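These are my notebook entries on a single protein chain. I set down each item that I looked up, together with the cut-offs that apply.

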Amino acid sequence: MFAKHIDLIESLALNIGFAVLFFFIGMAIQDVLKKGNVPPFGRAIVWLVLFLGCAGFIAKGLIQLTWEGSGLA
């Protein structure tokens with residue numbers, strides 16, 4: 001029983017790791033955009049994609065954790 005939960009925790013940690021990686025990549029892109037002549041609307045789009053990407057990875061991990069943890073999978 002505990003081994004099943006270890007797999008779920010590893011999956012959640014992987015998704016959180018992807019979210020953090022996505023965040024750092026987005027921050028690097030934001031730094032590049034700051035140095036160029038990019039309008040604020042372009043920066044807002046980058047932040048929106050960054051936020052949705054991070055939230056998506058975390059949500060995927062949490063949904064998988066609750067779905068498989070409750071025995072529905």
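**Entry 1: W47 and the basis of the model**

I looked up W47 and found it partly exposed, because its relative accessible area is 38%. For this term I used the scale on which buried means under 20% relative accessible area, exposed over 50%, and partly exposed in between, with a 1.4 Å probe and protein chains only. W47 has its place in helix α2. Helices here are DSSP runs of H or I with at least four residues, strands are runs of E with at least two, and both are numbered from the N terminus.

I note that this is a predicted model, in which local features need pLDDT of at least 70, side-chain atom pairs count only at pLDDT 80 or more, and totals for chains, interfaces and linings use all residues. Residues are numbered from 1 along each chain as its sequence is written, and side-chain values use heavy atoms, with hydrogens and water left out.

**Entry 2: the chain as a whole**

I counted 2 helices and 0 strands in the protein chain. Of its 73 residues, 18% are buried. The areas come from the Shrake-Rupley method with a 1.4 Å probe, and for residues only the protein chains shown count as cover.

I then turned to contacts, meaning heavy atoms within 4.5 Å. Among contacts in the protein chain with a separation of 6 or more, 71% join residues 24 or more positions apart.

**Entry 3: the nonpolar patch**

Which residues make the nonpolar surface patch? I listed I16, V20, F23, F24, W47, I58 and L62, which together give about 620 Å². The elements that supply two or more residues to this patch are α1 (2–35) and α2 (40–69). Helix α1 contributes the most, with 4 residues. Patch members must have over 30% relative accessible area and no salt bridge; nonpolar side chains (Val, Leu, Ile, Met, Phe, Trp, Tyr) are joined within 5 Å, and like charges within 9 Å. A salt bridge is a side-chain nitrogen of Lys or Arg within 4 Å of a carboxyl oxygen of Asp or Glu.

Is Q30 buried or exposed? I recorded Q30 as buried, because its relative accessible area is 5%. Q30 is in helix α1. With neighbours within four places in sequence left aside, Q30 is in contact with R43, V46 and W47. I also took the C-alpha to C-alpha distance from Q30 to A44, which is 9.7 Å for a separation of 14 residues in sequence.

V46 belongs to helix α2 and is buried, with a relative accessible area of 19%. Not counting residues up to four places away in sequence, V46 touches G26, I29, Q30 and L33. Its C-alpha atom is 9.2 Å from that of M27, 19 residues apart along the chain.

I found A55 in helix α2 and partly exposed, at 33% relative accessibility.

Between the C-alpha atoms of W67 and L8 I read 9.9 Å, at 59 residues apart along the chain.

**Entry 4: the UniProt record**

I consulted UniProt, where an unreviewed entry places the feature "transmembrane region" at residues 12–33 and 45–67. Such positions are given in the numbering used here, feature names are shortened, and annotations may be inferred rather than shown by experiment.

I compared the record with the model. Residues 12–33 are 100% helix and 0% strand, and their end C-alpha atoms lie 31 Å apart. Residues 45–67 are 100% helix and 0% strand, with 32 Å between the end C-alpha atoms.
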